[in-house]
Amino acid sequence: MRIADFALERYFARWEFAVRHVLCASDVEGWSMAELLALADDEARGLWDGLRLGYTESTGHPLLRAEIASLYETIGPDDVLVFAGAEEAIFCLVSVLVGPADHVVCTWPGYQSLYEVARSAGAKVSLHALREADGWSLEADRLARSIRPETRLVIVNAPHNPTGMLPTRDEWAAVVAACESVGAVLLADEVYRFLELDPADRLRAGADAYPAHGVSLGVMSKSFAMAGLRIGWLATHDHALLERCMALKDYTTICSSAPSEILALIGLRARETVIDRSRAIVAGNLVRIEALMESHADRFAWVPPRAGSVAFPRLLRGGPVDAFTARLVEAEGVLLIPASAFGFGGDHFRIGLGRTDLPEAVARLEAFLAREG
Ligand SMILES: Cc1ncc(COP(=O)(O)O)c(C=O)c1O
């Protein structure tokens, strides 16, 4: 298999564990084991204490699948397949679904594997560019017009990394209708679901909104703040597709990590507490970033996010942004991601709203800005 380097992950590989502050992370500050185990109910605590480190069920622990299913309106445990993170789920789904004869539409800029795996399989990929001038909105009608009879897969990441875009209900319905019209699979990458600024804006999950071929992608890493578990999942009523994913998983991880499955079960059963904590961290950090943007309006422009744990501001002076982020990390050990890591032109950069050291990181950024003048 030949596939282009994952630019963002290569960038993180160089910097993530070598800097003082990761001010561009997309995950939420991870839970400690002690705090998480304190949330366990008696059944889950018993599973944890009595856990044997053998192989696990390839589809995922039955109790974990049931818990995941309860995140959705119409999904049952048999409609869920557990993976090692969202990343493995993306790889398996796209690999089994598309080939050289197929056309794929994917929101962009975005998480590279969402379109790169399809490209490496030889599919023709249309990137649906979100535009800052349109407030990063989805522009569902434009997206619908790019869907063709040979479109096999439409991939929409919402809440969106890196812009914080969240479609309106009408836009979401229009995307589903467009997929239905050609029988395309809709991969709804919902890894930032539950982090809508206004919970009333939360969309119906893709798997619920499009029973024939809607696939919801979820993970413990973002809204649930447990990236180190490496537990993700696909949820769909399309069992033929799920079975093909399961068969490919035999060549990737076979089954999930036994401890991670139980810890994910504990986290999902306590999801109100878990999500409240994530939402509070992001909301507090957003206030701090709004103040930064306001007090440096001559330096930064931005469209505030509607959802998720990241935003995509633009540098107005002191660029190009790659040089700016390089100077910042060198001087202060504060890491931002330039747009080039998304293959996106211009002077945007991603800022992360999920880490508890954000106030300190922003103070260092401001000291740096003061020196740059
Ligand atoms: C939109 C999107 N999808 C999928 C993933 C992959 O998630 P994980 O690293 O937990 O597998 C990410 C991670 O940043 C993401 O931003």
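Predicted model: local features only at pLDDT ≥ 70, side-chain atom pairs only at ≥ 80, totals over all residues.
Student: How are the axes of helix H12 and helix H14 oriented to each other, roughly parallel or roughly antiparallel?
Tutor: The axes of H12 (residues 271–295) and H14 (residues 358–372) come within 10 Å and cross at roughly 10 degrees. Angles under 35 degrees count as roughly parallel, and therefore the relation of H12 to H14 is roughly parallel.

Student: Which residues of H14 make the contact with H12, and how many residues of each class does the contact have?
Tutor: H12 passes H14 in a right-handed crossing. In this contact, H12 contributes Asn285, Arg288, Ile289, Leu292 and Ser295, while H14 contributes Leu358, Pro359, Val362, Leu365 and Glu366. Sorted by class, the contact of H12 with H14 comprises 2 charged, 2 polar and 6 nonpolar residues.

Student: Where does Pro162 lie, and what is the omega of the cis peptide bond that joins Asn161 and Pro162?
Tutor: Most residues other than glycine have a negative phi, and most peptide bonds are trans. Pro162 is placed in the loop between strand E5 (151–157) and helix H8 (169–182). The bond joining Asn161 to Pro162 is cis, with an omega of about 15 degrees.

Student: Is Ala225, which has a positive phi, buried or exposed?
Tutor: Ala225 is not a glycine, yet its phi is positive, at about 55 degrees, and the residue is found in the loop between strand E7 (214–219) and strand E8 (232–236). Buried means under 20% relative accessible area. Because the relative accessibility of Ala225 is 0%, this residue counts as buried.

Student: What is the relative accessible area of Ile254?
Tutor: Ile254 has a positive phi of about 65 degrees although it is not a glycine, and its place is in the loop between helix H10 (239–249) and helix H11 (258–269). Ile254 is partly exposed, with a relative accessible area of 41%.

Key:
Residues numbered from 1 in each chain as written. Heavy atoms only, no water. Axes fitted to C-alpha atoms, helices over the stretch in contact; angles between N-to-C directions. Helix = DSSP H or I, 4+ residues; strand = E, 2+ residues; numbered from the N terminus. Parallel < 35°, antiparallel > 145°, perpendicular 65-115°, else oblique. Left-handed = near helix turned anticlockwise from the far one by under 90°. Contact = heavy atoms within 4.5 Å. Nonpolar A, V, L, I, M, F, W, Y, C, P; charged D, E, K, R; others polar. Buried < 20%, exposed > 50% of the residue type's maximum accessible area, 1.4 Å probe, protein only.
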